[in-house]
Amino acid sequence: MRVLEVALPLPLPPMSYRPPLGQEGEEALGRRVAVPWRGEVRVGVVVGEGGRPSHALRHAIAYLDPGPYLRPEEILFLEEASRYLFAPLGQVLQDFLPPFPELRHRVRLFPGADPKVLPKGLEGLVAWREAQGFDPKLLDLLREAGVLEEEVAFREGRRVLLPLREGHPDPLLDGVLKTLHALGQAESLAALARAAGVGVGRVKRLLQEGYIGYGPPPEPRRGGKPLDPLFLPERPERVNGGRFGERLRLLAGLVAEGDHLVLFPEVGLLERFLAHFPQARAYHGGLSPGEREALFRRPAGVVFATYGGLLLPFTPRSLVVVEEGSESYKLPAGSRAFIPPLAELRARLLGVPLTYLSLVPAVEVLERPGLTFPVPRPRLLLLDLRREKGFPFTGRALALLKQVEERGRQAVVLSPRRGYSALLLCADCGHKPTCPHCALPLRYHKGGKGELLCHQCGHREPPPPLCPRCGSPLLEPRGPGLEWLQEELRRHLGIPLYRYAKDGKDDLSPLLAGEPGVVVGTTALLRAPVLPELALVLLPYAEGFLYEADFRSAERYHRLLWALTELRPGRRPLLALQTYTPEHPAHQGLLEGSVEAFPWTEKALREALDYPPKVRMVKLEVSHRKEERALEAAFALREALRGLAQEGEVLGPAPAPVPRVKGVYVYHLLLRGSTERLGALLAHLDRRRFRLDPDPHRFVGLLED
């Protein structure tokens, strides 16, 4: 008896099924299959055969592909990624698979079966019916009884008219054919007839003779001139530095011939690169399900993809990871994977070279042999807030902004937070209004009558006229946000002001046309269009981006500063930082014009502390609405590892950097060691009692401010 191991896109290990009735001898590995699961019909992928034969096992319903959807190479990657992430294989499958097409599911009673076996309400099943209109649990009862016949298939996606041949001997029909070639596609026979100025009958003749036909919409054509590739004598494992245009040419050299997969952390950066690579194909979550399915079934050429591209069923000549240190590679849910280590795993299993391409190298890849190209020395001005006067803008910062106004140029002012200020603080007793549900001060929003808002749970309340603790009227805003900065700029400048943040983006069309102005925004500006006359980038409070409660915050800040130097490729806008720590190593690296100086310093510090990349670290998170229950659960995990863990392998438990969010208390434990050692420790724990992050990059886990 054959037993299929079917992985469903759910946080579960593979499930065992018998092959579909009548298809017991067919090759199954890698095919999508419809199976009964908890009274419903689900689609999974056959990832193996084996398991314990049993007549109690249920039959799968039907295969949905004529051949393998995933090759053995992709199945092996899923299995190894599952081990690396300490996650069920089904969870990894769910993270990386594109959405399945809609199912067409028809059911009826087996011919010859007695209709009396049908429960009340299912009388219509004597003939074929769409399954959607019936109770799935009742259908499952008939399925188990062996009296239900089913047809399951994917619904066809949108189809359009496409040219298949050229040069029809009839001049009139040839003109219609040329019209379709010029259009690329037509929605219908009538639409093509209207466009060509002929009757529908002539278009039907082209269809009958095979000059045109129906098919999925073709990929959009992109214009643009291919780049002049910059070839290297040997393929390095990492490439850093250089101007943006140079890195584009280096990438063009790396993918000049054959099939290649290029991974990007986010769609915005992918499309920025794609504008210079008309030959590349895009694959990301912003495409329609039909477009993603079409490329997944026929991957080839140069593919620019986000993380889902790692499962594309083809063997590229090489794999390139762009900006490998970006936190956008971190999946916020599911397996919570960080993609670059999985890209390395995928390349190793396929036996293809991998190259990291970025302006600033991540600490994890520093020791790999590679090339670092010289970068233009940034124009950096450090304004020491311990000595400069004025807040939130010092006198020299305002002078720079006035120069921008006088010369008709453009400036960017970057803030780490929205709203008016980070908090209200009593100048007499130090009290600050705090969210009743989160261990965080309430953000002050000044618009209208003003309000205090928690950016995590949404709690709102009016600002108090007097300090609730001591009755003092001296409640002062601290920590400038976008509203405060805009208010100050309106007082001192007559130049147009724009806002650009996740919660609202002004129209930047005048600036894109070259008109003067100042944009006040959050790091969303890194994904904004390039401002052609950008002359100044100002951070009024640089420490707001630096001091975060995790060991990667300084590296993240360093990468942000270098990214700001490339907001206007081809020019070097002045980067002005108002800071209390001008001597910080990240600032010194910019002054030296070195993209590697700070990462090497950071790497040495982490090695001294036994932190990644010297060892691997995973985070165990427990939470409860009662603090004592959360603490009890955290210590229970620690106790379960007593006698198993060696010294230094377990850190904690300790309250999370923000110990209460949305009324829930959160505690962390950190485990350190090799993947094998961590797997051995986790095997002794009940995974239902904690939430696992296999590669933590932030320890707060709050919403973006």
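The model is predicted, so local features need pLDDT of at least 70, side-chain atom pairs count only at pLDDT 80 or more, and totals for chains, interfaces and linings use all residues. Residues are numbered from 1 along each chain as its sequence is written, and side-chain values use heavy atoms, with hydrogens and water left out.

Let's begin with the chain as a whole. You will find 19 helices and 33 strands in it; these are DSSP runs numbered from the N terminus, with at least four residues (H or I) for a helix and at least two (E) for a strand. The C-alpha trace spans about 90 × 75 × 60 Å along its principal axes. Of the 705 residues, 50% are buried, meaning under 20% relative accessible area with a 1.4 Å probe and protein chains only. Take the contacts (heavy atoms within 4.5 Å) between residues at least 6 apart in sequence: 71% of them join residues at least 24 apart.

Now turn to helix H17, residues 597–608. Its twelve residues reach 17 Å from first C-alpha to last, close to the 16 Å expected at 1.5 Å a residue, where the expected span is 1.5 Å times one less than the number of residues. Phe598, Pro599, Glu602, Lys603 and Arg606 are buried in H17. Seen down the axis of H17, these buried residues fall within an arc of 135 degrees, so they line one face of the helix; the arc is that of the directions from the helix axis to the C-beta atoms. What covers them includes helix H15 (553–564) and helix H16 (585–592). After H17 comes Asp610, with a positive phi near 60 degrees.
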